[in-house]
Amino acid sequence: MQERPNEEIQQEQEAGPARLHDSRLVRALYLTVGFAAVILGIVGIALPVLPTTPFLLLAAACFARSSPRFHDKLLTNRFAGPIILEWTQHRSIRRPVKRWVYLLLALSFGSSILVMPSVWHQAMLAALGIVLAAFIWRIPVRDADTQT
């Protein structure tokens, strides 16, 4: 796992409005929702209709309010961390990540469409794939050399 510099983690934490919640009960609820979101995100890697990134963003938000330890673990993950940081800091994704998203979207929906025996189900999956691709297309792209 690739470690990020402490300054980068500190900048992300200072930039975000999230802080630990005062209530232990609410922190426990946030922690529970965060773990459920991580599990759904992992399941979403294999299932074409279940998105991964929104669940990981939800987990990051929940962990930011409940557990600095798990929040930092998620942000230092070599796969999810840079994507979450990019979204929280700039509300965008990098161009290579977007290309990977399109490729995986096409592979997962394409293989699911081929496996479905019913034309109705194939059409429904195709429509869902098109809607999801349009949604992803609308997300801003920030190139690596852009510092704003």
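**Reading the helices, rings and salt bridges**

Reader: Which residues of helix 2 are buried, and what do they pack against?

Author: G34, A37, V38, G41 and G44 are buried. The buried residues of helix 2 pack against helix 3, residues 53-66.

Reader: What makes S23 a cap for helix 2?

Author: A side-chain oxygen of S23 lies 3.3 Å from the backbone nitrogen of L25. The cut-off for a polar contact is 3.5 Å. S23 caps the N-terminal end of the helix.

Reader: How many aromatic pairs does a search of the whole structure find?

Author: The search finds 3.

Reader: Why is the pair of F35 and F63 called edge-to-face?

Author: The ring centres are 5.2 Å apart, and the limit for a pair is 6.5 Å. F35 sits in helix 2 and F63 in helix 3, so the pair ties together parts that are 28 residues apart in sequence.

Reader: Why is the pair of F63 and F70 called tilted?

Author: Their centres are 5.7 Å apart, which is within the 6.5 Å limit. The planes are at 40°, which falls between the 30 and 60 degree cut-offs, so the pair is tilted. Ring pairs link F35, F63 and F70 into a cluster.

Reader: How many salt bridges does the structure hold?

Author: It holds 2.

Reader: What makes R94 and E86 a salt bridge?

Author: Their closest N and O atoms are 3.0 Å apart. The cut-off is 4 Å, so the pair qualifies. R94 is partly exposed, with a relative accessible area of 28%. E86 is buried, at 5%.

Reader: How do you know that R142 and E86 form a salt bridge?

Author: The N to O distance is 2.7 Å, which is within 4 Å. R142 lies in the segment after helix 7 and E86 in helix 5, so the pair ties together parts that are 56 residues apart in sequence. R142 has a relative accessible area of 10%, so R142 is buried. E86, R94 and R142 are linked in a network of salt bridges.

Reader: What makes the phi of R91 worth a remark?

Author: R91 has a positive phi of about 55°, although it is not a glycine. Most residues other than glycine have a negative phi. R91 lies in the loop between helix 5 (80-90) and helix 6 (95-115).

Reader: Where is confidence lowest, and where is it highest?

Author: Helix 1, residues 6-15, is lowest, at a mean pLDDT of 51. Helix 7, residues 119-138, is highest, at 93. The protein averages 84, and 84% of the residues score at least 70. Where pLDDT is low, the predicted coordinates should not be read in detail.

Technical notes: Residues are numbered from 1 along each chain as its sequence is written. This is a predicted model: local features need pLDDT of at least 70, side-chain atom pairs count only at pLDDT 80 or more; totals for chains, interfaces and linings use all residues. Side-chain values use heavy atoms; hydrogens and water are left out. Buried means under 20% relative accessible area, exposed over 50%, partly exposed in between (1.4 Å probe, protein chains only). Helices (H or I, at least four residues) and strands (E, at least two) are DSSP runs, numbered from the N terminus. Contact means heavy atoms within 4.5 Å. A polar contact is a pair of N or O atoms within 3.5 Å; within protein, one must be able to donate a hydrogen and the other to accept it, and residues adjacent in sequence count only if both atoms are side-chain atoms. pLDDT is the predictor's confidence in each residue, from 0 to 100. Rings of Phe, Tyr and Trp (its six-membered ring) pair if their centres lie within 6.5 Å; planes under 30 degrees apart count as stacked, over 60 as edge-to-face and the rest as tilted. A salt bridge is a side-chain nitrogen of Lys or Arg within 4 Å of a carboxyl oxygen of Asp or Glu.
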